[in-house]
2 protein chains.
Amino acid sequence: MALIVQKFGGTSVKDRSRIFNVARIVANTRNAGNEVVVVVSAQGDTTDDLIAKAAEITGNPSSREMDMLLATGEQISISLLAMALQEIGVSAVSLTGWQAGFVTDRAYSRARIKRLDTERVESELARNRVVVVAGFQGLNRSDDITTLGRGGSDTSAVALAAALHADRCQIFTDVEGVYTADPRKIPKATRLKEITFDEMLELASLGAQVLNNRSVELAKKYGVELEVLSSINPIPGTIVKEETKVEGMLIKGVAKDDNVAVISILGVPDVPGMSFKVFSLLAQRNINVDIILQSSGDAGKKDLIFTVPLGDAESAMAVLKEHRNRFGGGEITVNKDCAKVSVVGAGMQSHPGVASHMFEALGGQNINIHMISTSEIKISVIIDKADADRAVAAIHDAFIQ
Amino acid sequence: MALIVQKFGGTSVKDRSRIFNVARIVANTRNAGNEVVVVVSAQGDTTDDLIAKAAEITGNPSSREMDMLLATGEQISISLLAMALQEIGVSAVSLTGWQAGFVTDRAYSRARIKRLDTERVESELARNRVVVVAGFQGLNRSDDITTLGRGGSDTSAVALAAALHADRCQIFTDVEGVYTADPRKIPKATRLKEITFDEMLELASLGAQVLNNRSVELAKKYGVELEVLSSINPIPGTIVKEETKVEGMLIKGVAKDDNVAVISILGVPDVPGMSFKVFSLLAQRNINVDIILQSSGDAGKKDLIFTVPLGDAESAMAVLKEHRNRFGGGEITVNKDCAKVSVVGAGMQSHPGVASHMFEALGGQNINIHMISTSEIKISVIIDKADADRAVAAIHDAFIQ
């Protein structure tokens, strides 16, 4: 008898028929002789509806009250799913985040899980019940409800799987697994049987919206084997784990992220500590800097070029301009019409041909490369946003075909 | 500095403008130098919407899961009201039922409050915050969410007022207080300045939908002074307390309840224990029997006539017919076209003229009386439903006008 944690997102429980679809998947897993813990998100548009309710009251809600409000979304879906399971003859019980033992820090709206007291979940499992747990939420040490922020339900599921020493954590989504590229854009994209945690992390951070990064990091840390699979099409999905079998294919995927802006600071004095001055300003405002490129300009000067998330571009520009005198007073510009396209695959660095093969594919399409960044398992380029879809198709053709 | 508990129902917080209306009432009370604890119900139709969601899943939801679902309604309204209070500059914090310390028994959907741990509420008050508490809900000893059933938010408010030794518990409603009759039907109806707990209990149980009976019983038990007042019109309402000043008026109100059915069992053997057989069958099914009339029929037989809530009439008839042989096998009939009309006032029994004056008023309108029931503070008659409104008007004219 295995213990399996199954996570279903908001779309998977958005209405009556989808809830019963989930109930049948859970029932099949249970009837195959497994213990099952289910983690669910809020139904479809519930979270947006709740945010709209708050927006009617205030433009600046307290994050504590916002978490109190939003946590009702999952509480609704867990009770409905438990009812559906009972309706089809499966013994089930729903638990909120705090009932399931999620203890978090005090950071409302983006809380981190500090501890998971699994006593209640284990006692319900011992009573032969399917346990339906509210994802995305917990309780801080003041007994106040917190939420885990974006992708929080994935994180809840992985944390439960780790704490319960589950045999597998299945993340059900609208896609059938992890693909070599976005299958809606690249018809030739193929589903991967397996992928490593690190490859998945790179793909996720590069804009492949399959799994939340925090959940993959947590799975890697605790060695929780993940499976990404479809809640609609009952076929095996993609396994995410530490080591994968050699599959012949070096490149695991091509990803596009057009949520980037490129900021350039020209004529920065070429003295020690200058980069720190720039990037600490951004870090204080919680702005993540991704690719950084530093080029030498005139004598004693350099240019600093880097990417930030598109949504942070304006506030980054504001703070940089305010302090422009601290780094030379030169021109500061932002380019919001760009995209990051990346290839991901373990062991890439030992195959020097990958980069040139990628650049050849882009050159063949007359696509200009603004920036290049490489790591052990990925190569990213910044190009014009208008070229991004053509770039993904050309690179996919070149590597995966 | 007084401590005041204020309770607002679902209509009072149904949308943005009503929420801010409530926030201003609370702010005024706070700014007048009082400590304020606010108890709110779920917004407008939220509870009905949640019940409809459950009904899509199953015709027979588990009451535990139903309470888990319904408790989200108040959690939404407390967070929105706390946001509105903060928006107008009032320091506030919302607490769910379990955070506010409501410990109940295990009876889902109609739980009774066993204990109230006020530590958290008191510590928030000590931090100069308005405390916004979710009514209608609590937690049982298994750490599962329960709801208190119909009128539960009134009960929550009174229980909090009792436990906190509040100076007053204000119940805000859509009416401006307790009236001598339904003011929508009887234009001459007048608002009472004061009424005793017992009078209020009789009026509530007789269909005057102002205050829930459980909350009045609780207020009487713990000596909590209640005030029923309007959330729209800021005028003093009706005070409900143990002793009222002599006001000259003996009759405090005329109430109508057309949610009744009269059941007749004819030819019941006139032997000891027969009534118990009948009424224990109904009690086992949680059907409340109100007025009971027993008349002698043929030799050795009697007729048993009694009222039940209209909604329970069918199930009462089913169980009685199933066991008809246990009480004589005679005819069992139900009349659903009737109503109960009552006059309420303390000390009525020492004024024998009240009953005859009431019957005179009904006779003057040619209204036939089917059943009569009297207590220390009320006289009720069962009449045809079609006559009910005329009966209320005639009695009100006779006694109060």
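Good morning. Let me begin with a definition: the axis of a helix is a line fitted to its C-alpha atoms over the stretch in contact, and the angle between two axes runs from 0 to 180 degrees between N-to-C directions. The structure before you is a predicted model.

With that definition in hand, I turn to two helices of chain A. They are α5, residues 152-163, and α7, residues 213-222, whose axes come within 8 Å and cross at roughly 10 degrees. Angles under 35 degrees count as roughly parallel, and α5(A) and α7(A) are therefore roughly parallel to each other. On the α5(A) side, the residues that meet α7(A) are D154(A), T155(A), V158(A), A159(A) and A162(A). Their counterparts in α7(A) are R214(A), S215(A), L218(A), A219(A) and Y222(A).

I now move to the interface between the chains. How many residues does the contact take from chain A and from chain B? It takes 42 from chain A and 42 from chain B. The size of an interface is often given as the accessible area lost when the parts come together. Here chain A and chain B bury about 3300 Å² between them, with 60% of it on carbon and sulfur atoms. In chain A, the residues that lose the most area to chain B are I57(A), E65(A) and M83(A), together 21% of what that side buries.

Between chain A and chain B the count is two salt bridges. One pairs the side chains of R120(B) and D144(A), at 2.8 Å from N to O.

Finally, which elements of chain A give two or more residues to the side that touches chain B? They are α1 (16-31), α2 (46-57), α3 (63-87) and β3 (92-95). The largest share, 17 residues, comes from α3(A). The residues on this side of chain A comprise 22 nonpolar, eleven polar and nine charged. Thank you.

Key
Residues numbered from 1 in each chain as written. Chains lettered and ligands numbered in written order. Predicted model: local features only at pLDDT ≥ 70, side-chain atom pairs only at ≥ 80, totals over all residues. Heavy atoms only, no water. Contact = heavy atoms within 4.5 Å. Buried area = accessible area lost by both parts, 1.4 Å probe. Salt bridge = Lys/Arg side-chain N within 4 Å of Asp/Glu carboxyl O. Helix = DSSP H or I, 4+ residues; strand = E, 2+ residues; numbered from the N terminus. Nonpolar A, V, L, I, M, F, W, Y, C, P; charged D, E, K, R; others polar. Parallel < 35°, antiparallel > 145°, perpendicular 65-115°, else oblique.
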